[in-house]
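Trainee: I am new to this structure and would like a close look at one part of it. Please set that part in its surroundings as well.

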Amino acid sequence: MTLDLKVDGQSEERAEAFAQGLLGTALDRPDGVLKVTGAAVYAADDVPEGCAYGMLVRAPGFGAIEVGNADEVRAMPGVLAVIRDKRMVRNAAQGTANAAPVQGVDSADYVGQPVALVVAESFEAARHAAQALQLRTDGGPLPVNPGDVETEGEPDTTGDLDAAMAEAPHRLDVTYTTPSMTSAPMEPHAAVAWWEGDALTVRSALQMLKYNRNELADSLGIDPAKVRLLAPYVGGGFGSKLGIAAEAVAAAIAAQDLGRPVRVVQHRRQVFETVTRRSETRQRLRLAADRTGKLSGIGQEAWVSNLPGEVFQEPVTQATAFAYGAVHRVIGERLERLHRPAAGSVRAPGEAVGVTILECAMDELANDIGIDPVELRLRNIPDTDPEGGIPFSSHMLAEALKTGARRFGWSDRAPKPRARREGEWWIGTGMSAAFRVNVMMEAEARIALSPEGAVVETDMTDIGTGTYAILTQIAGEALGLPAEKVEVRLGDTTYPPGSGSGGSWGAATTGNAVWLAAQEIRAELARRMECGEGELTLKDGTATCGNRRVALADLLDGATLEGHGHIEAGDAFSKVRQSTFGAHFAEVAVNDVTGEVRVRRMSGTFAAGRILNEKTARSQCHGGLTWGIGMALTEGMVHDRRDGHIVNRDLAEYHMAVNADVPPLDVHFLEERDPWAGPLMSKGIGELGICGAAAAVLNAIHHACGVRVRDLPATPDRVL
Ligand code: MOS
């Protein structure tokens, strides 16, 4: 049996089942000790008997590929094969597309594209041989720079923004740019593949197993039922592992050719160019406002890029569509087909850079009008979704702004820039609103309840986000079991298909499937207790109904009870606009002599429905604020203007914010239940923290020293 739920409206409050007191607490990760002691098996840790080692080789240019010395390389010590196979893939695909990524290695579409695999008896031999392989390409030059090609697509237009701009007493028309960015998960991409007959098993670093299985089967031309994927532990994804990448397909092909297991691990420089980047953007922001700051017009037009054939386009403006009310609107993207490495989802695709620049523009407008930036936002919160006219499922922006301002001490702020100096440092503060769409996917989960406790199974992943902890809490809460009586098993396609991790939907979506599976078990326990489900209380391994209390083990009578849950998004996601909201505040010091910027304190207040685990949710937001600091001050991939290749493709030259860059971060959650978001009433928190975070820092730079940096990141040369 399965308890199915299509979320079509508001869910009923189900607080009666909340007796265990586990959900929402800051439960430590049950997998934490395994991870820090090295016992957790990540993709590259699994070296099966007889495993050979593959190393990917990159295209040095564009066009048809010729191998100059394949025979020589094949004859090198330990080398088993030099593989070029049309089934190899060009890049990581977008998992949700559920189809194979662009394939074929006859010709290179970007510099750095993986086009061959060298396999050897040892990793060292494979690496040496891969370096010795001479590849020639005969193509190019191809367009690689923004502005070099015609654009595809047009923004959506409502009303007459030009007229609104002409009439408005206050108007802003500015252009910002953001560079390509990388996801840089701590665990590099890796895959180990082996075949048993026509059945393939791949242990890999992936976010979305149920989709990845189909993508891999598609790429290889085999039946998905013959593919088993394993990814119980994943060291970060941030979008880069949403789709299968080159190493998984290459390892599968090589393992089949050689008749033995093959492991392929990308080194850091390969990760930088073979997995999808966040597109660079150019964004024109237009705002028209009356004397009180009320917006009559809003324009956000973004230019983004991707390779020919790719379906992904950075959805820069997806939150702008509902962020602020204004009658006259031009909002959307234009795409340029450039032969840079493929673009795809990177943590909060769209809002991460779109909300950031919108919020920089709002700061400029507030400054021009001379009203407080928090007040400007408050005056422009729409009553309903300005585009669809539909209501919001909940709207917590005003509360986030007010609470955040209070926590930060915003009211002490000098109204004008360049008001505070300490020695050679200008001190300033800035703020930003945060928005991130809320999404629900389809997910299934199974729970087996036995006298020993509950075992939860789903092919959902934990990419560092805390899935093991959260699903433990949900099952424990619903079944009245302490955390140590719940075992969660993830990351294996033999389990029921979960939602995968992406788009902030993982915990809430798969969590709801686990919740439903538990409800099915509860219904059976109530039947055995001869009591209504509403009267049944499950707590600490006992069932209570009226004045009767029975141990679960006795109710089970030595047998196992199974529950199966299935959830999918229905009309609740089109009848109402669902979003999460927040507010960022930052204080920076800008050195008047060097242009160096230090973030001195930062605060984020967030609303995302029910917070399922205080600690893991907080960690996600710490990550978001940290990423915001990097985006504002240091991060950016440099593309060679001649051939588009990524010049700074390592962590020494691509500067992410590190501990020394990050002050103590204040993260606060607002108490909220969103009844439109499913029975748990919880929305995605994962990516909210990055949305707009960089704007708070950039706006603080302006408040400190009066300099408006419109080309990110705000490196010292741009601040001075
Ligand atoms: Mo996320 S960038 O959708 O993994």
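Which strands form the open sheet of 3 strands, in what order, and is the pairing parallel or antiparallel?

Mentor: Keep in mind that this is a predicted model. The open sheet runs in the order β5-β3-β7, and its pairing is antiparallel. Look at the edges next. β5 (107-108) and β7 (135-137) each have a single partner strand, so one side of each is left without a neighbour in the sheet. Now take the pair on one side. Strand β3 covers residues 63-67 and meets β5 over 2 bridges, in the antiparallel sense. Within that pair, G63 stands opposite A108 in β5.

Follow the chain on from β7. The loop between β7 and β8 (151-152) holds P141. The peptide bond from G140 to P141 is cis, with omega near 0°. Most peptide bonds are trans. A further cis bond joins L712 and P713, where omega is about -5°. P713 sits in a loop as well, between α17 (693-705) and α18 (716-719).

Step back to the whole protein. Its secondary structure comes to 18 helices and 29 strands. The C-alpha atoms fill a box of roughly 80 × 75 × 50 Å along the principal axes. A compact globule of 720 residues would have a radius of gyration near 27 Å, and the 26 Å of this protein agrees with that. Of the 720 residues, 57% count as buried. Contacts across the sequence matter for the picture too. Among contacts with a separation of 6 or more, 82% are between residues 24 or more positions apart.

Other strands pair in other ways. Strand β15 (residues 281-289) pairs with β16 in the antiparallel sense over 8 bridges. There, L285 stands opposite Q300 in β16. The hairpin of these two strands has 5 residues between them, and G293 takes a positive phi near 95° in it. β16 also pairs with strand β17 (residues 328-337), in the parallel sense and over 10 bridges. In that pair, S305 stands opposite E336 in β17. So how covered is β16? Strand β16 (residues 295-306) has 11 of its 12 residues buried.

Next come the domains. The domain assignment gives domain 1 as 3-40 + 440-574 and domain 2 as 350-436 + 578-719. Their C-alpha centres lie 34 Å apart. Where they meet, 25 residues of domain 1 are in contact with 24 residues of domain 2. On the domain 1 side, α12 (467-479), α13 (506-529) and α15 (572-575) each supply at least two residues. The largest share, 5 residues, comes from α13. By class, that side has 14 nonpolar, 10 polar and 1 charged residues.

The cores come next. In soluble globular proteins, nonpolar side chains tend to be buried together. Here the largest nonpolar core has 142 residues. I447, A475, V514, V588, V590, V697 and I701 have the most contacts inside it. Both domain 1 and domain 2 give residues to this core, so it lies between them. A second, separate core has 86 residues, including V57, F62, L216 and I646. Leaving aside neighbours within four places in sequence, V514 is in contact with A445, I447, V456, L471, I474, A475 and G565.

Most residues other than glycine have a negative phi. S504 is not a glycine, yet its phi is positive, at about 65°. S504 is found in the loop between β22 (486-489) and α13. It has 25 C-beta neighbours inside 10 Å, so S504 counts as buried. D540 also has a positive phi, near 50°, and is a residue other than glycine. The loop between β23 (537-539) and β24 (542-545) is where D540 is found. With 12 C-beta neighbours inside 10 Å, D540 counts as exposed.

Technical notes:
Residues are numbered from 1 along each chain as its sequence is written. This is a predicted model: local features need pLDDT of at least 70, side-chain atom pairs count only at pLDDT 80 or more; totals for chains, interfaces and linings use all residues. A residue is buried if 20 or more other C-beta atoms lie within 10 Å of its own, exposed if 12 or fewer, and partly exposed in between; C-beta atoms are placed from the backbone. Helices (H or I, at least four residues) and strands (E, at least two) are DSSP runs, numbered from the N terminus. Two strands pair if DSSP finds at least two bridges between them. Domain bounds come from an automatic or database domain assignment. Two residues are in contact if their C-beta atoms, placed from the backbone, lie within 7 Å. Ala, Val, Leu, Ile, Met, Phe, Trp, Tyr, Cys and Pro count as nonpolar, Asp, Glu, Lys and Arg as charged, and the others, Gly among them, as polar. A nonpolar core is a set of buried Ala, Val, Leu, Ile, Met, Phe, Trp, Tyr and Cys residues joined through C-beta atoms within 7 Å. The radius of gyration is taken over C-alpha atoms; the globule rule is 2.2 Å times the number of residues to the power 0.38.
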